[in-house]
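These are my notebook entries on a structure I looked up. I record below what I examined, entry by entry.

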Amino acid sequence: MKLTIIGTGYVGLVTGTCFAEVGHHVICVDNDAAKVKVLQAGGIPIYEPGLEELVKKNVAAGRLRFTASTADGVQNSDVVFIAVPTPPQSDGSVDLSYIEKVAREIAAAMTSYKIVVDKSTVPVKTGEKVTETIKRYCAAKVEFDVISNPEFLREGFAVGDLMKPDRVVIGVGSQRPVAAMQEIYTPFNAPIIITDINSAELIKHAANSFLALKISYINAIATICEAAGANVQEVAQGIGLDERIGRRFLNAGLGFGGSCFPKDLSAFIKISEQVGYDFKLLKEVQRINADQMERFVKKITDTLWVLKDKTLGVLGLAFKQNTDDVRSSPAIDLCHRLLKDGATLRVHDPKAMEKARAILPGVTYVDDMNAVAEGCDALVIATEWDEFKQLDLARAKKGLTHPILFDGRNLFDPAEMEKLDWIYKSVGR
Ligand code: UGA
């Protein structure tokens, strides 16, 4: 099928590329001409494992191309996906101005029937607004259908999540677009759920909020484990093997961050308020998440006492492993907290140092993770990168004034660390 994706962020670029990979003809549109130039020249503006190879392969096969012109995309495709940002506003609600603008641009460019698919995460009832907007601004007065098709990919695993989705959700207002949507998704061999538009929009916020709730739940359990002398990883294993609960997203740590969970939780609380429901449960999820950071900082200050004039080595800046994304990163928040308390920081991240520089000045960026500990009073692990498990502990010990490790992501075994004579503090163990 001939598809256009408007917006080449994480969702748009990966979705477009995976659609091309299964044989569709895809045009990716972005209004940032500089970004389009980079993409046309074979550059990839984000780090996402496996993406670069797939983009190159599909561009070479003639199934994927990039343009800055919405009209080019709309007029040369049957289905137009909207994948533009929906950032938070100061009151927690969602800024829908990018969606509204793209809806107007699509409307202006339409000269024949189109299916317009919203892939961005939006509040329930946005589909109705997009429909109204297109009707109003479509001079050619052609027919169209607006549908909701939320995306469930995780950064860092986006290609895998897209190629092998757990499910595909398609929210429609009529039967007309269903066959085309099924044709688009059949190659992905996933269950396809057809719903009404409002339900599809709600599914996205309900899913992300539930996953955030799972993380806050295990973080609350971690607090109890610390007080009771239990081990949160063993508890997670013990409850997670119950298929009704599931082991995934039960990793205690510094709390969740990123461009989705914090924003989507706030948005869902606001949406619920607007329809007359006070979603106190989700407010508690937020509170536990904020508390988790406070408790970790307290662990550091309880051990090191005064942070002024102390040097700390921080491993991890990305909001999670396998990404260079530092938006709403708990690791960056932690660094800001430690700096505020007067500490000097030496930091390292396998992929996120370039992006971190803009928001975290006044620290020393160290290229080699094994060199971070040199001259430090303690080490801190802030992101769950697998490679940190290979840290040269003997070398780190030599570099530190005292062998102290605060592990915010539970990457090491407390018993092993004790044997190696480390003062080792992790979460919920
Ligand atoms: C999340 C969802 O997982 C995706 O399904 C969804 O499509 C996406 O948001 C979105 O709305 O676009 P993402 O933000 O990429 O994906 O990251 P996650 O892998 O969900 O991790 C979010 C945060 O939770 C990270 O800070 C991570 O460190 C933390 N986390 C995750 C934990 O603290 N413990 C866990 O057990 C799992």
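**Entry 1: Ser426**

I located Ser426 in the segment after β14 (423–425); helices (H or I, at least four residues) and strands (E, at least two) are DSSP runs, numbered from the N terminus. The model I am reading is predicted, and local features need pLDDT of at least 70, side-chain atom pairs count only at pLDDT 80 or more, while totals for chains, interfaces and linings use all residues. Residues are numbered from 1 along each chain as its sequence is written, and side-chain values use heavy atoms, with hydrogens and water left out.

Is Ser426 buried or exposed? I found Ser426 to be buried, because its relative accessible area is 5% (buried means under 20% relative accessible area, exposed over 50%, partly exposed in between, with a 1.4 Å probe and protein chains only). The side chain of Ser426 is joined to that of Arg429 by a polar contact of 3.1 Å. A polar contact is a pair of N or O atoms within 3.5 Å; within protein, one must be able to donate a hydrogen and the other to accept it, and residues adjacent in sequence count only if both atoms are side-chain atoms.

I placed Asp325 in the loop between β9 (311–315) and α13 (330–340). Asp325 counts as buried because its relative accessibility is 3%, and its side chain makes a polar contact of 2.8 Å with the side chain of Arg327.

I next looked up Cys138, in the loop between α6 (126–137) and β6 (144–148). Cys138 has a relative accessible area of 2% and is therefore buried. Between Cys138 and Ala103 I noted 35 residues in sequence and 9.6 Å in space, C-alpha to C-alpha.

Lys114 belongs to strand β5 (residues 114–118). Lys114 is at 4% relative accessibility, so it counts as buried. From Lys114 to Val159, 45 residues apart along the chain, the C-alpha separation is 27 Å.

**Entry 2: helix α2**

Which residue caps the N-terminal end of helix α2 (residues 33–40)? I identified Asp32 as the cap, with a side-chain oxygen 3.1 Å from the backbone nitrogen of Ala34.

**Entry 3: the ligand**

I listed 21 residues around the ligand, of which Leu153, Glu155, Asn208, Lys320 and Glu384 come nearest; a residue is near a molecule or strand if one of its heavy atoms lies within 4 Å of it. The shell divides into nine nonpolar, four polar and eight charged residues. Here Ala, Val, Leu, Ile, Met, Phe, Trp, Tyr, Cys and Pro count as nonpolar, Asp, Glu, Lys and Arg as charged, and the others, Gly among them, as polar.

For oxygen atoms of the ligand I noted a polar backbone atom of Leu153 at 2.7 Å, a polar side-chain atom of Lys204 at 2.8 Å, and a backbone N or O atom of Phe319 at 2.9 Å. On its own the ligand has 720 Å² of accessible area, and the protein covers 93% of that area (Shrake-Rupley method with a 1.4 Å probe; for residues, only the protein chains shown count as cover). The elements giving two or more residues to the shell are α9 (197–228) and α11 (261–274). With three residues, α9 gives the most.
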